[in-house]
Every structure is written in C-alpha cells, then in structure tokens.
Amino acid sequence: MNLPRLYHRLRLTARSLHSSANGQQVEKVAVAVDPDVPSQVSVFRTSENDPTCHTELHAGQYYTLPPAHMRTLFPHGLPPRFQMQMKTFNEACVMVRQPALELITCLRKADYSEPALRYVLYGEKGCGKTLSLCHVLHFCSTQGWLVLHIPDAHLWVKNCRELLPSSSRPGRFDQPIQALNWLKNFKTTNEHFLSKIKTTQRYVWTKRESTEEGRPLGELVDQGVSRVKSSSDVVGALLRELRLQAGGAAEGAFRLAVAVDGVNALWGKTTLKKEDKSEVLPEELTLIHNLRKMLRNDWCGGAILTTLSQTGSLFKPRSAYLPMELLGEEGFDNMDPFVPIPVSNYSDKEFESCYLYYLDRNWLQHPHSRTEDGKKELIFLSSRNPSILERLCAFL
Amino acid sequence: MVASIANLLKPWTPRLCAVRWSRYNPYYLEPETDKDVYKIPDTELSPEQKEEKELKTTRPIKAAATSITSSPFNDPVISKFINMMMQDGNKVLAREIMTQTLETIKRKQVEKYHRAPAAEKEAIECNPYTIFQQAIENCKPVIGLASIQKGGKNYQVPIPLKDSRRRFLAMKWMITECRENKHRRTHMYEKLSQELLSAFTNEGNVIKRKHDLHKMAEANRAYAHYRWW
C-alpha cells in the first residue's frame, strides 16, 4: 500500500469536499477582490482621486485633480504646457509615478519633531520633476499642511524690470513685482491659515506703518499686497513667522511644506545688473536671502521639497542634470544632507498608459500614430521622454 | 545641342561624394522613399513595376532630399507648404511654424469636441491633416486668367490650369493673406490656423479671392477664343 499517495488522495478529496461546500463563499470573495486588483488588460485611469490612498497598485495610472480646488491648490505651480493641456482636454490628469509615491511614503513616515528633511527631485530635462512635485503638494494640502510653493526660483534671478535698493538693509535689492505676485498666490492657496496664525514680533515698515505683535498673518500679507515697496520685506517676515511656528505643540499647530522648483537658482549666477553695470549676486537679493534661510534645516515640523531644473537656469549646459552639476559647490554644501530622488523617463507600462490616455482624449489624430508601427516610431523618436512625447503628439 | 546628346550617351561614373542638386543629368531616376513598395514580394508586382525595377538596376538614382523621410508621417503637401513658407532658407523656422499651426488647429478642435454635447461630437473634425488638405482643396481655383496680347491690347483670357499650378496658387494665396492682411502682433501660426479653419468651412478671405478670380474669368468669357492652346 502506498501510504503517502493514499494520504495525498485523501487530502485532495477532503479539500474538494471543503471547497464545494464553500463554493458560494469563494465566488463572492473573487467578485469582491477583482475591482481592487488591476486586471492584466492595461488600465490607464484610476478612480482613486485622493493622493493619500495612492499606492504601488496605482503606479502608471492617471488620476484627476478636482476642478473645484484647482484655483486654490495651484494658482501658479503648474507648467505652462500642462495648463494648455488642461484647457484642451477639459480636465487635469496627472500620472501616479514611482518618485512621487516614494516621496509620499517618506513624508508619511517622517518624524516631525526632528529638524525638517530636505528632498531633492533630480533627473534629465523633461522627465516629470515639476509634475511629481505638484502631485506631492496635492497630497500635502489634502493632509492639511501649509503649502509654501515657489513655482520657479529662476524667475527671481532674471528678467527683473524694477530692482529697488532695499528699504531695510543697505546692501540688498528688492524685487517688488515678483514679491507681490507671490504674496497674492500665497494668499489664494492658504486662506484658512491666515486668520489662525499670529505674529510673534512687531514689524516696522515705515515711520507710520507697522504690524503689531499678535496680529493675524492675513494682515501681514495684506500689508505686503497694498504697500508694494515693502513687499519683499513682508515675504521675509512671513517666512520667519512660519519657520518659528511650524510644528509647535499648541493646538493650532500645522505642518509646513516648503516647495521650491528650480532650487539651483538660489546658488547660481543672476543676470541682473546694478546701476554701475556690475553683477548682482544672489545673496544681495532680499527674496533669495530669505529663501536660503528657509531651506536651512534648523526648524522642525515640516518638510522641504525641492526640484532641480536646467530649463530656466542660467549659464548651465543643457546636458547637466545631476545635483552636483546644477547646484555647484556652494549649493551642494548648503543643501547637504538631502534625500535625492531620481526621476527617469517613462517605463514601458507608463508609456503604454500615456499612449492610451492620449487615444482616449482624442489627441492622437494621425492614422499612422494609432497603429503598432506608429507607436514604435513614437517610442523611438521620443526615447520615452515625457515632454518630448507630449510635443511630438501635439502635432500628430 | 550635339554636345548635350553626347553628354547623355557618355558612360556614367560615380562621384566622390553624392550631392543633391536640382540640375541632375536627366539620366538619373527619382528615389522611391515609400517603405511599403519594397515590402511587396516579387510575385505580386505588376508588369510596369517589374519593368521599373529592372530599369533601376541599370540607371543611377538621385539622392533623396533631407526633408523627406520613409515614415508614413511624411506628407508631400505639407512639405511643399513648408518650402513655400520658407524665407532665406530658414527651413527650421518654417517647419516649426507648420507644426505649431497643426497643433493650434488640433487644440481648438479637440477643445470644441470635449465641450460639445454627445450628439454633435461626431460632426467635429479633429484631424489637423484632413483639415489642412480640405482647406487647400477648397482654396484651389478651377479656372485661371492669362494675359494675352492681341492687336496691341492685353486681354485677360480664361484658361484651364494644371493641377500643380492650382495647388501653388491656393498655397500662395494662403501665405500672402496671412502675412499681409492680418494684425501685425499675432503669430504666424495663429493667423494660419484661423485662416485654414475658415477655409475648411468655405469662409474667409482666401475663399473670397478664389471666388473673385472665378467671377473675373466668367466676366471675360468672350475672350476665351483668344487662347490657341
């Protein structure tokens, strides 16, 4: 008698009896599990629009940003080509990608009683750093954080029409227009925080104007918006207040997310000139000086999310994308230690997802681009770079 | 004349470096850039195609121009339009304007498509290439005028036009209209996209110019017999 085989057959029959009795239950479980697990057929959209719930399962899929909150979330943060795409497709869809998911997991697990961690998103030109940052900022705002978003630091070091000597310090220069625009956008994003946070110090702007201690932050912002000459100093005061009060133990505590796109502008060169045609150094600009103080990790209760960008940078070659190349010696020493997060071109699955999204939105019109050969040609021409693919598909 | 015939009969020797020049020896044949032609197996070729293939083994072929590709994305009408728009040999700029025009047309149409109710979605044409082809087609004049001198006076005589001449006139009118009659500060791609979209629906200044030409030809019907070809 072959005992092991008999035993095995007994176990099989027992299992089959067991399964037929539970047949009904097994089917129900199968039906319940199916919608959560993505099927083998490529799915490019997900109905999960809350970034808090995004996981690896949603990697490569597009989620829709809620149109109701778009104006408050991103008055100034999205890239111009993405804004054009939003207008054309009548919706704002962002792809959930690995670097953003990694950053969100880090933010969830971080200890906020420790000094703020610095995260740097780096990668080649056009591979999705700015949009990954926007995805993470959406997550931060759904969690109720205060979002301090500087959409492009390069705009503060070039093309400035009015460069005023600073009213408070002798060696510095003010940029009233840029500071004003930023303050207005800050006000739109963080309305609900402005009345809760109070100032801790008395600020004197001119002989007749000052902001007393204990006044709401909204008053500080209004002061900057109405008196354009002192707007850069107001920005500095605002940053100082937020730095002191983030992550306190009080019941009105909030977490601060400082997001700077194009952080390499703070330590590069400027194209601005003083009246005697000598170059302005970045530290002589009030806005840049105050922002550098913000990026130091001497405050607790928040995170510093930054992106390197060659696109708007000055005097840097197009092929430079690594932190050492773009930040330079000084920048790297100031930003060190940071968590580097590489962003790469689309993987096969992500490219597939992007292609299907464009087909769905009726964007790929040329008959050849809808064939398999056309798809291979698109992969070859764009080498899976997101921005090159977008520009190619624009006229095909 | 004898020398040119002798030139044709002399044996062809290859040059050191091939050069694409418009004044090729007529002995040279045009290149075939379409990939699908080479995929047809020998058994399915028609007798003319077989003859052509035989000829190509013995005769030299002109070099292909740098602006054409073997990809199905290549469109000869679009290439011709780009060449006509080009100024001072700046092909890069002309091509950039063309791609921006196609993109603008597509954006406007796709935006309309997404905002339209489901019933009207079928009727909206989103393909910029079909819109461009149709617009040029709508702008082509059927009949043209030639200046013929008879008895010391010059008469505008209606004449039939070759297809290439019709296409040239349509494109030329489109480009001059956009360059001269639009607001100075708008970009060329913006002007072109507006004019192409209106020509697609048979409206706009270029269509008006075509109709004016037709009316002139109709008015000068009486002189049609002055044409001797």
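1. Which domains does the domain assignment of chain B give? The assignment gives domain 1 (31–74) and domain 2 (75–226); such bounds come from an automatic or database domain assignment. Taken over C-alpha atoms, the centres of domain 1 of chain B and domain 2 of chain B are separated by 31 Å.

2. On conventions: this is a predicted model, in which local features need pLDDT of at least 70 and side-chain atom pairs count only at pLDDT 80 or more, while totals for chains, interfaces and linings use all residues. Residues are numbered from 1 along each chain as its sequence is written, chains are lettered from A and ligands numbered from 1 in the order in which they are written, and side-chain values use heavy atoms, with hydrogens and water left out.

3. Chain B has nine helices and two strands, in the order α-α-α-α-α-α-β-β-α-α-α from the N terminus on. Helices (H or I, at least four residues) and strands (E, at least two) are DSSP runs, numbered from the N terminus. The radius of gyration of chain B is 23 Å, well over the 17 Å that the globule rule gives for 229 residues, so chain B is more spread out than a compact globule. That radius is taken over C-alpha atoms, and the rule is 2.2 Å times the number of residues to the power 0.38.

4. Along the principal axes, the C-alpha atoms of chain B fill a box of roughly 65 × 60 × 40 Å. Of the 229 residues in chain B, 34% are buried (buried means under 20% relative accessible area, exposed over 50%, partly exposed in between, with a 1.4 Å probe and protein chains only). Chain B exposes about 15,400 Å², of which carbon and sulfur atoms supply 53%; accessible areas come from the Shrake-Rupley method with a 1.4 Å probe, and for residues only the protein chains shown count as cover. Among contacts (heavy atoms within 4.5 Å) in chain B with a separation of 6 or more, 65% are between residues 24 or more positions apart.

5. The two strands of chain B: E1 (residues 143–150) and E2 (residues 153–160) pair in the antiparallel sense over eight bridges. Pairing requires that DSSP finds at least two bridges between the strands. Gly144(B) stands opposite Ile159(B) in E2(B). E1(B) and E2(B) form a hairpin with two residues between them, and Gly151(B) in the turn has a positive phi of about 60°.

6. In chain A, the domain assignment gives domain 1 (99–341) and domain 2 (348–394). Their C-alpha centres lie 36 Å apart.

7. Pro342(A) is in strand E11 (residues 339–343) and is partly exposed at 46% relative accessibility. Beyond four places in sequence, Pro342(A) touches Pro99(A) and Tyr122(A). Gln98(A) lies 244 residues from Pro342(A) along the chain, with 9.6 Å between the C-alpha atoms.

8. Gln98(A) belongs to helix H5 (residues 98–109) of chain A and is partly exposed, at 36% relative accessible area. Gln98(A) touches Glu56(A) and Glu350(A), leaving out residues up to four places away in sequence. From Gln98(A) to His58(A), 40 residues apart in sequence, the C-alpha distance is 9.7 Å.

9. How many disulfides are there over all chains? The count is zero, a disulfide being a pair of cysteine sulfur atoms within 2.5 Å. The sulfur of Cys127(A) is too far for a bond because the closest cysteine sulfur, in Cys354(A), is 14 Å away; Cys127(A) is buried at 1% relative accessible area. For Cys140(A), the closest cysteine sulfur is in Cys134(A) at 11 Å, again too far for a bond, and Cys140(A) is buried with 0% relative accessibility.
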